[in-house]
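Here's a structure to get to know through a few questions. Have a look at it, then read on.

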Amino acid sequence: MDPSQPPVENYANPNTCLFHVLFKGAALAFYILSALFFNSFVIIFVVTVLLAALDFWVVKNVSGRILVGLRWWNEINDLGESVWKFESLDQESLARMNKKDSWLFWWTLYLAAAAWLIIGVFSLIRFQADYLLVVGVCLSLNVANIIGFTKCKKDAKKQFQQFASQTIASRFQSTVQSAFTLV
Amino acid sequence: MSHNDTIPLYQSSQSDIDEIENMMNGGLQSGPGTVLPARPPSPIRPSIPVSSSPFVQSNLPPLPPSSSSVPAPPSLPPAVNFGSSEGSKTIGFGSPPNTLTEPVWDTVKRDLSRIVSNLKLVVFPNPNREDPGKALRDWDLWGPFFFIVFLGLTLSWSASVKKSEVFAVAFALLAAGAVILTLNVLLLGGHIIFFQSLSLLGYCLFPLDVGAVICMLKDNVILKMIVVTVTLAWSSWAAYPFMSAAVNPRRKALALYPVFLMYVSVGFLIIAID
């Protein structure tokens, strides 16, 4: 081992990473392999969709929070309007997030969606409408998470930029003011 | 979870965050009294960098409890979100919890209790039905998901042939039906939120679920018809105030009739399965 190399950053939250990948992988694997073992569409449907729903919940509530410090949800305010809320850690903590963790988070999210898309294309080619239903449900759950987290990340960046420009403006103002009072 | 009982329903999403942060901050407990609809986040969560404050607080060292006396920053009231369909705020929350199991279990319990409370609101008689908009304030799609899958499974189990197709048809019919019914209300100029309506229509399937289970257990045709009629009436009664409140009074029938029609068709499915 090269002693001058900095130590490679390990996963900061291996358990969370495991769960993040586990349900996605299980849903995909079950769907693909089930054709070999089960003849019943109902079982395939229910188990796959259940695993996909569990994965959706885990990503949204647990791994999003822990691996990338983001969270999104929808609320209905007092006026009866639907409001999407985004929440993120402050910029320091975001910068301090483990790079491997967030890399894993985003890439598995994208890869899973791409995998379901490919499987969907296969089902479409074979004119299997009922399997297309399963794929459609799983794909929409994945895409919902991707969209939610992407919006959350953009919102966090925007907030930080706003805050940074505000800070610069206020500091500039106070500097100018103190300069004038000294003069 | 006990303090969630005292929080009004429309805040339970907010209480999600509060719970997680309470757990993360250990002893820094913010009681239910501090979870207000006006939502002043910074005093309750000591680690939040507020965009109006000049300094970014690192969220790792917890602030002393005296931070609860700091007045709420003006930048983050929900009033900002009036009139906009997509509002966004940034609130930093505390460092992630050390153990994964504890908060996950609490999140699960919270979601389950939300399902139960939504079910009680929609399907059973209670005073909140007078104000439909407020009742399903924190909609969730887990309940409807379980009910639709359960109904599909029950129908599929009762069927002696073509089980897979029965399940697929039931699921697709219910899911697509809920979406189309919601679009119907929206196109009639009604004011309803898409997911809220999906959630409502899903929860109203609960009586039909019960009916389907009874019909599965007893195979008498007369009994089936009676059971289905009763549960059908119950489902329609459950859906009525929410749907009718959403549209113009002159168009109430136009909005309600398709809902009733869908439940009738599901009822026929239940009776006709052998």
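Q: What covers the buried residues of α10(B)?
A: This is a predicted model, where local features need pLDDT of at least 70, side-chain atom pairs count only at pLDDT 80 or more, and totals for chains, interfaces and linings use all residues. Residues are numbered from 1 along each chain as written, chains are lettered from A and ligands numbered from 1 in the order written, and side-chain values use heavy atoms, without hydrogens and water. Buried means under 20% relative accessible area, exposed over 50% (1.4 Å probe, protein chains only), and helices are DSSP runs (H or I, at least four residues) numbered from the N terminus. The cover on α10(B) includes α5, α6, α7, α8 and α9 of chain B.

Q: Why do the buried residues of α10(B) sit on the same side?
A: Among the buried ones are Leu256(B), Val259(B), Tyr263(B) and Ile270(B).

Q: Is Thr108(A) buried or exposed?
A: Thr108(A) belongs to helix α4 (residues 99-125) of chain A. Beyond neighbours within four places in sequence, it touches His20(A), Val21(A) and Lys24(A), contact being heavy atoms within 4.5 Å. Its relative accessible area is 15%, so Thr108(A) is buried.

How values were computed. Helix = DSSP H or I, 4+ residues; strand = E, 2+ residues; numbered from the N terminus.
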